Amino acid sequence: MYHLQSNKMMKILKLNLIAVLKLRAVRFNLLLLMMGCFSVALSAQNITVSGMIKDSSGEPLIGVSVQLKGTQTGTVTDYNGKFSLAVPANAPLTFSYIGYTSQTVAAQPNLTVVMLEDTKNLDEVVVVGYGTQKKTTLTGSVTQVRGDEVLKGKATTNVAAALQGEIPGLTITRTSSRPGNEGTAISLRGGISVNSVSPMIVIDGVDSYEWELSQINPNDIETVSVLKDASAAIYGTRAAGGVILITTKRGKEGKVKVNYSGRVNTNVVGKRFPTATGQEWALMMNEAITNDAVTNGGTKAYWMFDEAQLGKLMNNESFYEKINMGTGNLTQVDPTADQFDAIYGTTYGQSHNLTISGGNEKTRILTSLGYAQDRSLIDVTYDGQKKYNFRTNLDYNVNKWIKTEFNLSYDNRTVTAPTQGIGQGIQDFYTFPLINNKGQYYDVFGKNNVLAKLVTGGASNNREELLRLGGKTTFDLGFLVKGLSASANANIKIRNGLKIERQLSVSMYDWVNENGIGDVTGVAYPFNTFKAISPSENWVKNTYQENLYQSYGGFLNYDRGFGNHNISLMGGVTAEKSDYMQLYSYRSGMADNSLDDINTGDALTAQATGGSNDWGLVSYLGRANYNYKEIYLIEGLFRRDGSSKLSPENRWANFAGVSGGIRISEFEAIKNMEVFSNLKLRASYGETGSLSGIGNYDYVSGISTNTTVFGYTGTKATTAWISQVTTANRTWERVATTDIGLDFAVLNNRLSGTFDWYLRENKGMLIAMTYPQVYGATAPKTNSGNFKAKGWELALNWNDKIGKDFTYKVGFSLNDANTEVTKYNGAVAITNGYKNNNPNESGTSWIEGKPLYALYVYKTDGYLQDQAAVDAYYPTVNATGSIVPKQGTVNALQPGCVKKVDMNGDGKITTDDLYYLGDAAPHLLFGISLGASYKGVDFNLFIQGVAQQNIVRDGTMAGPFWVGYQNQNSTFLGNTWTTTNTSARYPLMSRNGDRNNWNYKWYNDINVNNISYARAKTMSLGYSLPKLLVKKVGVENLRLYLSADNLFEISNVKDGFDPESKVASGQGNMDVFARTFSCGIDLTF
Amino acid sequence: MKTNKFILSVCISLGLVFSSCSSFLDTEPMDSLTEVTYFKTLEQFQYAANNLHQNVYAWNQGNTSYEILFDFGTDIIARTSPAVSGTNSAGTTDPYWSQTYNWLRTVNQLIEKGDNFTGADNISGPMGQAYFFRAWHHFFLLKRFGGVPIANKVTTEDADIVWGKRASRYEVVAQIISDLDTAIVKLSKTTVATTGNDGHITLEAAKALKARVCLFEGTWEKYVGTTTDGDGTTVGTGSVKPAVYPTVTGFLTMAKDLSKEVIDGAKFELWKGVETVTVSGVANKPYYANSSYFYLFNLEDGASNPNGLGKASNKESIYRSVFDYTNRKGSMNLSHTKPATPSRKLMDMFLCTDGLPVQYSPNFQGYANMKDEFKNRDYRLASCVKEPFKFYWGFGKTSNGAVYTVDLTTKANTSTYFYSPALRASGQTGYEGRKFSTERSDRSTDSDESQDYMHIRLPEIYLIYAEATCELGNGSISDADLDYSINKVRARAGVAPLSMALIAPYSDLTLLGEIRRERALELFGEGQRISDLCRWGIAEQDMAGAPICGVYVSYNGIDTEYKTAVNPSDNKNVFNASAFDASSVTSAETSVSSYAGIAKIKAGAVISEKAENRVFARKNYLQPIPTDQIKLNPNLKQNPNW
């Protein structure tokens, strides 16, 4: 019988694999799922126990595990909470259920057991590298959260964005709330290198990319587990940034359960970006040119609008006149034109998930289907994503000794975004209508009609398909050696990405008056058509990417207790291979705007490129755990990695970690104090590695080729050059983490908490040293730097009940990290702005002894309050080589300019006077969660924030007239120095480039925003219909809820931006963060 | 039995996993060749040499090169550049420094691979081109910085070149001469004849460059001497010369001989494509006459000029970077930005057709009316500068290009084709340059102009010959030598030949001065002016203390037409008086040159760059070494007085 079933299983497996194997020749080591036929006989003298398990409210509990203690004999409760089991009389039966306290009761023919909710979760199982461990005996710094608790109900379907603030030590930032383009970045414990080393993402044991977090269905996630210390060493070369383990839900024994959860959400504009209105712009312009006239000897240098026109704008008057100082065309000017309102508004999204799960002792299955659709705040055109997710996780016990697991998932996500206009809408000041009186897109200069670009500029569709297939077989070898088991697994993952980018040339039109006449002289003036037909702007780009990833593993486990001594050993081998290829094609001059196929383009413009690469990784790994009475705990980890990315002589490296713990609360003396429900001291040390910054074949120099032209008719000729300088003397970045932690629970588990202190040191950080430019190339990255991060994490939780029905919980977490580049070989010149990772630049410079994102600015000593002060200041700072604007010119300093301090006293202001202000990393990150429930009503609030961060912005909106001919940041209006506001927050307003450099662009201490914020990330109110009521219609659970994401924030950002906004604030970088309101239903039957 | 089967299956499955994995680690690049397998054939060397041809400042190198390509900041152009005005201070970085050394590394990689080449192919062609470019880049560095570290091998991270001192300018010059001599030997079979002058470096180009270098350094040593060298220990490089080193006379003789070789080789000729229009169907043919100089710099396909000539007609270019509308666009936005806009000084430097300067020529018509100064002048004036109230094809026009079958003068006086000067704001000159601005509006609005960038043209060779001969003759040169060289250039410009007799009546005119004038006019906007002024040792006198000016709004106290003219296309005054205060117009006669033969600027000219911003001094002859580089390598000493 087993034979028959196993053959069936093989067929299913094969069927599914054939599709994959057909795609290309895969060296796929299909697991041998060989099964024997074994049967088990149970001993006699049994009684049959019939029982009923309920929760404290009297509801039957389904799927509770019932087990004869110390044996494999057991069952689970059925739909009615009932079970029956043949066991010896009075034998101890253990009842366990996730979220409830386990109980052991002596077997009697009839049993009714009330399970109590476990508030302490001490028996929780935590997913760690290549296995699971009981939380009680865990020695590493591992935080695990349950998917249903932190992900469900949030409007975002991007897991990374949803996890923001939920896990102490994990810093998740986003640059946008546009679905599919959130720009999330994850770093653990402050980062570990100047190379941004992200945590390794492992989904169901398979190495994954960070973007898969936005791909996967959040509803499928059972747990998210983060390995933060030596516990990550089991992942070797890639674990320097920590490891995020994601485990998907699996079917459980019990009746078939169907869960539907659905949600509709609406996104509304949160904080607007601070662009000036037409009137504000005019006021700022007038103030700037008035200020500049002071040094110009009294002449205001009007620009674009003359004095009269500017006056009308300041009075909020519209007009139709020649602009550009009278040399331009007749132009409609309307100070109430608002580009922001024209493109942003309220949008809607929805998501639906259907999960079917169930199974018996032998077979358990979970299948889920998901659909989600959401949009950004741009309401004039579609900017959003659609996701389809399918997953089947199947567990099948072939027999008592062989268990198989099979995972199949398919994700399909299409992100659609306008090709033009995203992040724009700040270049032209808000004085020009976006639509002219003919109903056409209006533009006077610069082709900047953001509405026209968004609506008619074309769109890009980026479709990612991801097929994951995994199988695992576990062999219980207990009959050979008690406690021994072996397992083998194979996984493949196929990613197909097809990105179709379509750009349409955008037509914008000048204003025409009612008669189609545009000139006061009465001469027919054809309105200008900008770019109506420009074949080169009308293009299609197709990018196809294919990635095949395979991984194989074989493991031996030995797990056994000898009295008070418990031993657990694990050893294994894994091998991974990734093959990637891409094709890119381009054509412009499309025949028609309605067709997007590349064939409709002009064949003469065709371009095509390819590209492919592969990498492999082979590893040996092992883990040993020992504990004495579950009080004294010790663990050792080992991994040996070989990577194809390094030269053969440097290919292999070993990593190891060790950790230990003492459960002080289990000491008799402590126990007797009856204070601590839990008290555990942990410590760990381990090494992990990182290959970030190393390309796939960096140890060989490639030859790049391209073409140029010669001759009289542009004949193409090939060009070739050595593409980069390489080195074979390079190996992994190696990070040593020391972690000391304390877990505690007091007041009968009502208050629990965890504190961790850590030190992470990167010895041999990969950096491209800065050589004199005479070298003539960028030197290859070598292991030439050291790096250190120190920090701590605190998590506190309070759980309690008031009366019978009111339960509530309060959670608080706080963490901070400080980094330092402890060694950097090679001198560097300090310039102003960000160092040790500039968020705005790819190439950057490193400063030894300073943290990541070190910020260098000029110190200021107030403002030059009058001309006498200016005259007195010049001689003290104006020696040769000074960057001070030239005295006696129109660019000269004037009252209201900052007084930069000559720090080194050499009589001039140069980059030598820059000083280190601090870093720009977020500090004191916190999360506050509040939860309460009363009868069927539940309320949850999660607040996430940063208590301290330095931000100095770059780009158009960073200072007044940063770019003299663009729209401005209105928050500066009224906050700049004037003769009547001599202690203003900001220096004087000017359109002079030299003065703006001095006051704004060459950052001063006063330009730095020292920000803090708290954001209500999620707030929800739910109501679960009484179970007794819904049960009558066959429903197990029905919850309705309302929730709000990003409902409000408290922040002290002074320059008008959302606290999470980018540093770059120019055209193309603007984003508005959404507030999202959802209502949803969660139905289980 | 069952147990054995079971164990066996476990072993097999685990074994399979382990065995197949070691091969996972052996990967090799799949989409590019590697250094190990390349540089095995002539073809591959030529591909690498082709790449070197792109690594020069021509079009397409980004906006950083704008200033140096077009003589910005010099006395003859109304476009500013702090480095040339002399107002800059030592910067932390200098893109010209880093970029040039990056390019040199690529050159040296090719030379190194060639030196180790053992194949049967004759690779002397690409090798000679590599040596040419090594000299080219070092010459660029020499002109900008003086002595610099000599990059004559592929440097390692710890190489002396990377961490050592700057070589003296004499050592750099010796390296350049040596590399050019090597190039000349290796290129003996790579000539204009064998390449079809397709843009690849030829033997003739190497000789021409050597002539340019010799004239430069010969005159530099004669007129500037060691004044910019520094002591070599605290500043600069010192004045150490290699043991064997040419004298000034040696340099000038080489310059003369090499330019004669190129001229006598007769491989090149001046382009005279649009002296008269011969294509039938072109309307108003005389309208385009005598404008070869204009069309030469916009030469693309047949639609780029009224005579339907393409690039193949260009026999004037000795070394050019090739661009192509389809395959390699210029991407410089030339027609829109009009980079070569003249200063008052240049306007007055153009001779009248009788060969005499404006202050002496009876043909000169004065400044009273806007068009007057364009009359009876060097043809190049009209080719370089737009004449007021005249019709032009080109940028901003609504048609798809120049339609030569239509008579432009029949167009209405709207701004579309009609050029009117604009003096709307102070700083404007009232002149609008034309050189490098295409008449093809379809190629100008998107920076699609794709004319070739000419690095070395035949006229320069004539000018080198004349100047070297005159220098060797201590200021005198025979009429025969003038006719052999510079007068050919003047002939195309419609200017009477230079001769001793022509200038004899005017005591402040000299042959050398007129040769230098000719050089400024012919090479205007081609990036040579500042190094010419420096090597002549006159840059301070010609550049500092005098404003850059534009049109005369009054002359000799009498208002010119600029004051009163009304632009018929918008009925606005050309001159916006309110924008020009007293400090925006010259108030007294100002000398703008060390050469007395150039007209002084009188009161009444609008000022585009004020005198106080014109502070070029001897220290500005060499640009500062980027200070970051000095911090990284303290062995680099800054140039004097920076």
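Reply: The count is zero disulfides over all chains, a disulfide being a pair of cysteine sulfur atoms within 2.5 Å. This is a predicted model: local features need pLDDT of at least 70, side-chain atom pairs count only at pLDDT 80 or more, and totals for chains, interfaces and linings use all residues. Side-chain values use heavy atoms, without hydrogens and water.

Take Cys214(B). Its sulfur lies 18 Å from the closest cysteine sulfur, that of Cys470(B), which is too far for a bond. Cys214(B) is also buried, at 0% relative accessible area. Buried means under 20%, exposed over 50%, and partly exposed in between, with a 1.4 Å probe and protein chains only. Cys897(A) is buried too, with a relative accessible area of 0%.

Next, a sheet in chain A. Three strands form an open sheet in the order β4-β1-β7, with mixed pairing. Strands are DSSP runs of E, at least two residues, numbered from the N terminus; two strands pair if DSSP finds at least two bridges between them. β4 (82-88) and β7 (110-115) of chain A are the edges: each has a single partner strand, so one side of each has no neighbour in the sheet. From one strand to the next, the twist averages 35 degrees. Angles run from 0 to 180 degrees between N-to-C directions, and axes are lines fitted to C-alpha atoms.

β1 (residues 46-55) of chain A pairs with β4(A) in the antiparallel sense, over seven bridges. Within that pairing, Val49(A) has Leu85(A) of β4(A) as its bridge partner.

Note on methods
Residues are numbered from 1 along each chain as its sequence is written. Chains are lettered from A and ligands numbered from 1 in the order in which they are written. Helices (H or I, at least four residues) and strands (E, at least two) are DSSP runs, numbered from the N terminus.
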